[in-house]
Every structure is written in C-alpha cells, then in structure tokens.
Amino acid sequence: MYDLIMKKRNGTPLSEEEIRYLIQEYVKGNIPDYQMSAFLMAVYFKGMTEEETLAMTWAAARSGDMVDLSGIKGIKVDKHSTGGVGDKTTLIVAPIAAACGVKVAKMSGRGLGHTGGTVDKLEAIPGLQTSLDREKFVDIVNQTGISVIGQSGNLAPADKKLYALRDVTATVDSIPLIAVSIMSKKLAAGSDAILLDVKTGSGAFMKTVEDAIVLAREMVSIGENAGKRTMALITNMDRPLGCHIGNSLEVIEAVDTLRGRGPEDLTEICLELAANMLFLAGKGSPGECRVLAEKAIADGSALDRLIAMVEAQGGDASVIRDTDRFAKASFEHPVLAERSGYIGAIDTESCGIASSMLGAGRETRESPIDHSAGIILRSRVGDYVEKGQVIALMYTSDKRLLEGAERRYREAVTICRQKPEKQPLIYARVTDAGVEKYCQNDD
Ligand code: URA
C-alpha cells in the first residue's frame, strides 16, 4: 500500500490490478483507514486516468451484490440525480418511461444533508414498502413496468466505506471520486442504460456548470466503457425545483405534474429527462421521444403506472388518486415578505436546510422523519412581491421548529429592486460524442 500511495502521489497511473487490490483489501479490512486516506488525498490532487476510474468503479461495484435484472423483459433504463432540493423527478419520470414501454427497476437513496431522497418521499405514502426481495422487485417491474426500492445493504460496500472516509478527510469534492462513487452503484444496480441528471448551482454538489460538465463527462465515459449506454443532462439547481419541498408535499406535486398541472420548470425538466430515457431505450429520435413523454402525461397513462407501482409495493393508492387524503402537518405557518421587490435569489441549500429543520430531513442517519413537514414556495425567483405578502408556507408537526426554520428561510431569500435575469433550466447534454448546449429551455 505504501508503494501505491507513493505512485499516486508522484502522478504515475496505477494498473487495473493494483486498483483492484486496493479496493478488495480495503473492504476486507487489510488496508487501514490512515493509508487509504493518504491515497484518497493523493487522488484529490493528482486525479485519475480514464482507465483508473473505470477499474476503481468496477472494483467498487463488484465489492458487493451485482443485481441481476435478466428476469425483466425489455430494456431497463436507470436514472440518477446528483441530488437537489425539491427534486421529485424520479416520481414523475419513471412512470412516464414505464408508460412508454421502458422498464425502470430503480434503487434510490434516502435524504443526505440538505438534499431529499426518493425513498423518504415514497415512504410518505402509507404502507408503501421500499425494501423488497429481488424476486418481488423483478415481478413488480414485469407486471407494472416500474419499481423503486431502497438500495440493498450490500450494494457497493466499498463505496459506503470509502464515502465515510472521504467525508472526514476533506476528499468528498474530488470529481473522479464522485464519479466512481455514483457509477459503482449504477453498475451494481444492473440496468442496461443510464441517464444522469447532474445538478449545478447553489443547491448542488457541483456549484458551476463547468465542474458539472467535467463530472458528467467522467461518468458518461465510465458508463460507456462499462458497456452501458450513458448520457447526462446538466440541470439548474440554483433554485429549488418546483414549489414543494418535503416528502408528502413533493409526492403531491409529482402527482399534480403527472396530471398535467405541475409547475412549468418541473414539468419541462421531467419531460426532457423522460424523453432522454426513452431515447436511450431506442424508442425514437429525441423529438419523437419528447412527444411520447408528453402523451403519457396527457392521456393519464403515466399516472396509472405510478398508481400500479404504489399498489404493487403495498401502498395506499387512494392518497395518489386524491392527494387531499395525505396526513396534514399540525401547523401551517406563513412567511411574509419583509419588503417589496423582486425575488432575486433563493439559496437552494439554505432552503433545503430550512425544510430539514421543520422535520423533513434527518439530523442523524437514525433520526425519524416527519413526512408531512416542509415548505411550499408561494413566490419564486423573478416574482414581484409586496411587503407583507405570503412568500412561503411552512409545515411541521412541532411548533417549536418554526422559528429557526423561518429565520433560515428568510436568510435564503433575497428581495431586490431589479428583476433578475432568467436562467436556463437545462444547460447541456453530455454524451460519449461530446457536449451539446441546450438552448430552448429558458424559464
Ligand atoms: N453522491 C454519491 O453517491 N457519491 C458521491 O461521492 C457524491 C454524491
């Protein structure tokens, strides 16, 4: 291990065999954390070659279960978001793809820090099981076209161990290490093709479009070199996505969107993500796939897929048919504008933290979640507000949490005299052929 650390420190690439050794022995406990920390820091400064990242991704993927989806008929397309605030796209995009004949057998995560997680949102639906055995998972996808469950405990355990170490050694924000971490789980999860939604902006890991593109290129290259069709969209997370933040609130907004009544930004991003998933599955040209995705919302077939999945996973679908049936938070609290002017910015990360403070997120891995807690944005970036106007509604089951969360939300919102410039919703599409700029999606 000493030699491997020195090699990386000196900028010499490691062989596939050396990387495999490093990962296997670390998982077995034969390499101590202090040596792995030194190696990770050397990677942080020296980077990794394409061959090294591919080798490390496969080694991390193969450190645990490799999910076998061969029992599912048809092309399986996975979708991954690098994490955001108000990002309920999986709940919309996966049913659209399923309604258009693409199989979605997806493993999702829980909330992390200020960002939400799909599993927590699904668990806001009474009775819904996110922990299913493999046979049941495969059966549900064959029957309904879609199933979304929690990540199995033994999916890429090397990543779990490495991530915990990166978290305490200031090596989380290394682009090759993020790419390896995400793609190891995607390779282990077994789909044929992968669409990546790489978020950029104040609420994302990647704060600039340039960094998001570098990360997307690394992940696309890993996916393609591993034999999976892989593409990425670079999307805006400089503001929360849609108007609802918090678990049951986000399910409600996802259902509204599947009924064709969602906010414009969320609807547009979901249609583009779904169209690109359909394109990866060979359902037609990008334009034809966009039309298919729009039709799946217009004719209700995507909503039907969500209902079928909820029922198959033991959930009470009456809350999807009528979202007024979701349990309500005990307290609703309006946040009022302190002055008149345009909403110039809403710091996405602070907004996610405010929602978490209301009970929508976890303080520690084991903390319980208040599924009904969260925030509804009444005014969004670019809106003109009068002093005293309600700009947001906060929901919680614990009144004592309101004061701190309201303070945090106020800090997140900037009210200014000038109307802010519009920002694109989607910046670029990254494929193995290169980076294409998206032009049409100004919000
Ligand atoms: N998400 C992951 O799964 N891994 C990272 O390293 C960063 C974000």
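**Figure 1. Strand 9 and its pairing partners in the predicted model.** Strand 9 and strand 11 (residues 390-396) run antiparallel and are joined by four bridges; two strands are taken to pair if DSSP finds at least two bridges between them. Helices (H or I, at least four residues) and strands (E, at least two) are DSSP runs, numbered from the N terminus. The model is a predicted one, in which local features need pLDDT of at least 70 and side-chain atom pairs count only at pLDDT 80 or more, while totals for chains, interfaces and linings use all residues. Residues are numbered from 1 along each chain as its sequence is written, and side-chain values use heavy atoms, with hydrogens and water left out. The bridge partner of I375 in strand 11 is M394. Strand 9 also pairs with strand 6 (residues 244-245), in the antiparallel sense and over two bridges, and here I375 stands opposite I245. In a regular strand the side chains alternate between the two faces of the sheet. Within strand 9 (residues 374-377), G374 and I376 point one way and I375 and L377 the other way, and all are buried; buried means under 20% relative accessible area, exposed over 50%, and partly exposed in between (1.4 Å probe, protein chains only).

Figure 2. Strands of a sheet pair through backbone hydrogen bonds, either parallel or antiparallel. This open sheet has the strand order 1-4-5-13-14, with mixed pairing. Its edges are strand 1 (77-81) and strand 14 (434-437), each of which pairs on one side only. On average, neighbouring strands are turned by 20° against each other, direction ignored. Axes are lines fitted to C-alpha atoms, for helices over the stretch in contact, and angles run from 0 to 180 degrees between N-to-C directions. Strand 1 pairs with strand 4 (residues 193-200) in the parallel sense over five bridges, and L195 in strand 4 is the bridge partner of K79. Helix 9 (residues 175-188) lies across strand 1, strand 4 and strand 5 (229-236), and runs at about 155° to strand 1. Helix 10 (residues 209-225) also packs on the sheet, where it touches strand 4, strand 5, strand 13 (426-431) and strand 14; contact means heavy atoms within 4.5 Å. The direction of helix 10 makes about 165° with that of strand 5.

**Figure 3. The crossing of helix 7 and helix 14.** Two packed helices are described by the angle between their axes and the distance between the axes. The axes of helix 7 (residues 134-144) and helix 14 (residues 301-312) come within 10 Å and cross at roughly 150°. Helix 7 is therefore roughly antiparallel to helix 14; angles under 35 degrees count as roughly parallel, over 145 as roughly antiparallel, 65 to 115 as roughly perpendicular and the rest as oblique. The crossing is right-handed, a term used if the near helix is turned clockwise from the far one by less than a right angle, and left-handed if anticlockwise. Helix 7 contributes K136, I140, Q143 and T144 to the contact, and helix 14 contributes R305, A308, M309 and A312. These residues divide into four nonpolar, two polar and two charged. Ala, Val, Leu, Ile, Met, Phe, Trp, Tyr, Cys and Pro count as nonpolar, Asp, Glu, Lys and Arg as charged, and the others, Gly among them, as polar.

Figure 4. Most residues other than glycine have a negative phi. A156, in the loop between strand 3 (146-150) and helix 8 (157-167), has a positive phi near 45°. This alanine is buried, at 1% relative accessibility. A170, in the loop between helix 8 and helix 9, has a positive phi near 55°, but A170 is exposed, at 56% relative accessibility. The buried residues of helix 8 are P157, A158, D159, L162, L165 and R166. They pack against helix 2 (16-28), helix 3 (33-46), helix 4 (50-61) and helix 9.

Figure 5. C100 is found in the loop between helix 5 (89-99) and strand 2 and is buried, at 14% relative accessibility. C100 and A296 are 196 residues apart in sequence, yet their C-alpha atoms are 7.0 Å apart in space. Leaving aside residues up to four places away in sequence, C100 touches L278, K283, L292, A293 and A296. S108 lies in strand 2 (residues 104-108) and is buried, with a relative accessible area of 5%. With the sequence neighbours up to four places away again not counted, S108 touches T118, V119, V148, I149, G150 and Q151.
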